[in-house]
Amino acid sequence: MSLINVQGVVLKYIKLGESDKIITILTDKLGKVDVVAHGARKTKSKFMASTQPFCYGEYQLYKGKNLYTLSQSNIIDSFQTIIMDLDKLTFGIYFLELIDSLTESETKSISMLSLLLKTLYILTHDDVNLKLLRLVFDFKAISISGYMPQVNCCIKCGNKILEGYFSIKDGGVVCRNCKDSKSIYGINKETMNNLHIIKNIKLEDLRNIKYDDKTIDYLQNIMTRYIFYQTEKQLKSIILMDKIKK
Ligand SMILES: [Zn+2]
């Protein structure tokens, strides 16, 4: 039996039998893996805390026939303060679910893990606008997945543009000449400027940018549709977020 030590964040779990869990961890060495944690649902289990969603830890695993099994764990940061605040929790669940939907099992993605850790850290420690954090997170996550929206030049003719339209189907901005009936999202100069900022900003600098709520909502609507177009997955947490908003 060979043991492997990984670091990672627990994305979700499902119950197994009386007291076990299968947890999904996004790890540094193995990418996303499903791991059986025996007895983890018992209150006195040594795995109780380290197998909760959001938990970032060191996990020692061994590989069985199909799944990995957890043999030891050590919490680095549980991020459990997220669950004390309903807004942060709602966004946090969304971040975990989106990462889960954008990653393939056992395909290494250090950049995705790093994005998730930075985002959870900001969610826990900083007082940033959550809608802005989500928009920037979405842009970065879909870009890491290989679908970075093009926002500098028209995606069809390559001309540099200051304003135009966003085409979900083509994955970027298009100019007036290349616009078709499906490029329904107008992008004026200010919105274009915001798109550039969102593309280039580091998460740790989010507190320093100026934004207005309407533009963020408008761009989020585009981003949500774009992600759905690329993944074809409807996330439960988006439905939850919409319900809470109402
Ligand atoms: Zn064009």
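In which helix is the place of Arg 134? Arg 134 sits in helix H3 of this model, which is predicted.

**Arg 134 and its surroundings**

Arg 134 has a relative accessibility of 9% and therefore counts as buried, the cut-off being under 20%. Its side chain is joined to that of Thr 224 by a polar contact of 3.4 Å. Leaving out residues up to four places away in sequence, Arg 134 touches Phe 91, Tyr 94, Phe 95, Gln 220, Thr 224, Ile 238 and Met 241.

One of these, Phe 91, belongs to helix H1. With 12% relative accessibility, Phe 91 counts as buried. Apart from neighbours within four places in sequence, Phe 91 has contacts with Leu 130, Lys 131, Arg 134 and Met 241. Between Phe 91 and Leu 123 there are 8.7 Å in space, C-alpha to C-alpha, while in sequence the two are 32 residues apart.

**Helix H6**

Helix H6 spans residues 236-245, and Ser 237, Ile 238 and Met 241 are buried in it. Viewed down the axis of H6, the buried residues fall within an arc of 105°, so they line one face of the helix. Lys 236 and Lys 243, on the other side of H6, are exposed. The cover over the buried residues of H6 includes helix H1 (86-102), helix H3 (130-147) and helix H5 (213-231).

**The zinc site**

Which residues coordinate the zinc ion? The donors are the SG atoms of Cys 154, Cys 157, Cys 175 and Cys 178, at 2.3 Å. Angles among the four donor atoms run from 102 to 115°, and the site is tetrahedral. For comparison, the ideal angle for four tetrahedral donors is 109.5 degrees. The donor residues follow the spacing C-x2-C-x17-C-x2-C in sequence. Cys 157 lies in the loop between H3 and strand E6 (164-167), and Cys 175 in the loop between strand E7 (172-174) and strand E8 (185-187), so the pair ties together parts that are 18 residues apart in sequence.

The table lists accessibility for residues discussed above.

| Residue | Relative accessibility | Class |
|---|---|---|
| Arg 134 | 9% | buried |
| Phe 91 | 12% | buried |
| Cys 157 | 37% | partly exposed |
| Cys 175 | 6% | buried |

Definitions and conventions:
Residues are numbered from 1 along each chain as its sequence is written. This is a predicted model: local features need pLDDT of at least 70, side-chain atom pairs count only at pLDDT 80 or more; totals for chains, interfaces and linings use all residues. Side-chain values use heavy atoms; hydrogens and water are left out. Buried means under 20% relative accessible area, exposed over 50%, partly exposed in between (1.4 Å probe, protein chains only). Helices (H or I, at least four residues) and strands (E, at least two) are DSSP runs, numbered from the N terminus. The arc is that of the directions from the helix axis to the C-beta atoms. Contact means heavy atoms within 4.5 Å. Donors are N, O and S atoms within 2.8 Å of the metal (3.2 Å for Na, K and Ca); water is not among the atoms, so sites may look incomplete. Four donors count as tetrahedral if all angles lie between 85 and 135 degrees; four count as square planar and six as octahedral if opposite donors are over 155 degrees apart and all others between 65 and 115; anything else is irregular. A polar contact is a pair of N or O atoms within 3.5 Å; within protein, one must be able to donate a hydrogen and the other to accept it, and residues adjacent in sequence count only if both atoms are side-chain atoms.
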